[in-house]
Amino acid sequence: MSREMPPLPLPDSFEPSEGNARALRDALGRFATGITVITCDSALGPLGITANSFASVSLDPPLVLWSPAKASKRYDAFVTAKRYAIHVMSAEQADICGGFASNGHAFEGYDWHACAQGVPLIAHCLSRFECTQEAVHDAGDHSIIVGRVTRVSTQAADPLMFYSGKYGGFKEA
């Protein structure tokens with residue numbers, strides 16, 4: 001018979017508050033993720049943003065989500081975009097991610113084209129999900145954008161990872 005014990009806190013335990021937002025962000029950064037660049041057509045032309053807040057939601061219907069920050073200067077363009085593309089970036093594409101992290105119009109010098117609907121599509125990514133917006137949900141200082149996948153392109157390559165605020169690779173154990 002096992003005896004229930006209270007959970008032991010980890011060495012750096014805290015309750016999230018406004019005063020320790022950086023510590024919360026650092027703790028969340030301990031979760032390794034892939035990196036995406038989301039693109040859309042906007043009133044100012046082709047627009048992109050780097051994000052690691054991508055997840056699959058449903059296979060039937062095919063739904064995915066991502067979460068832009070409300071404080072982003074690109075927020076309005078993405079929450080109003082009816083069509084967009086989510087690019088899962090390869091290890092060779094860290095410079096593209098860095099470009100779109102700081103500049104929404106960083107397309108120059110990268111291999112891309114606009115699809116028939118005007119959405120910018122970046123070449124050579126691991127997977128690309130062309131989407132139509134299904135819903136936008138409020139989520140604190142972010143929004144959750146749910147998209148229906150209308151087309152998928154994919155290829156084999158090494159993934160680009162994000163961990164503890166840095167880009168990196170993946171090594172098989």
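Colleague: What share of the contacts in the chain with a separation of 6 or more comes from residues 24 or more positions apart?

Modeller: A contact means heavy atoms within 4.5 Å. Here, residues 24 or more positions apart account for 64% of the contacts with a separation of 6 or more. Keep in mind that this is a predicted model, where local features need pLDDT of at least 70, side-chain atom pairs count only at pLDDT 80 or more, and totals for chains, interfaces and linings use all residues. Residues are numbered from 1 along each chain as its sequence is written, and side-chain values use heavy atoms, leaving out hydrogens and water.

Colleague: Thanks! How many helices and strands are there in the chain?

Modeller: Both are DSSP runs numbered from the N terminus: helices are H or I with at least four residues, strands E with at least two. This chain has three helices and 12 strands.

Colleague: What is the order of the strands in the open sheet?

Modeller: Two strands pair if DSSP finds at least two bridges between them. The seven strands of this open sheet follow the order β3-β2-β6-β9-β10-β5-β4, with antiparallel pairing. At the edges lie β3 (45-51) and β4 (55-58), each pairing on one side only.

Colleague: And how many bridges join β4 to β5?

Modeller: Three bridges link β4 with the antiparallel β5 (residues 63-66). One to look up is S58, whose bridge partner in β5 is L63.

Colleague: Lastly, what percentage of the residues in the chain is buried?

Modeller: Buried means under 20% relative accessible area, with a 1.4 Å probe and protein chains only. Of the 173 residues in this chain, 35% are buried.

Technical notes: Buried < 20%, exposed > 50% of the residue type's maximum accessible area, 1.4 Å probe, protein only.
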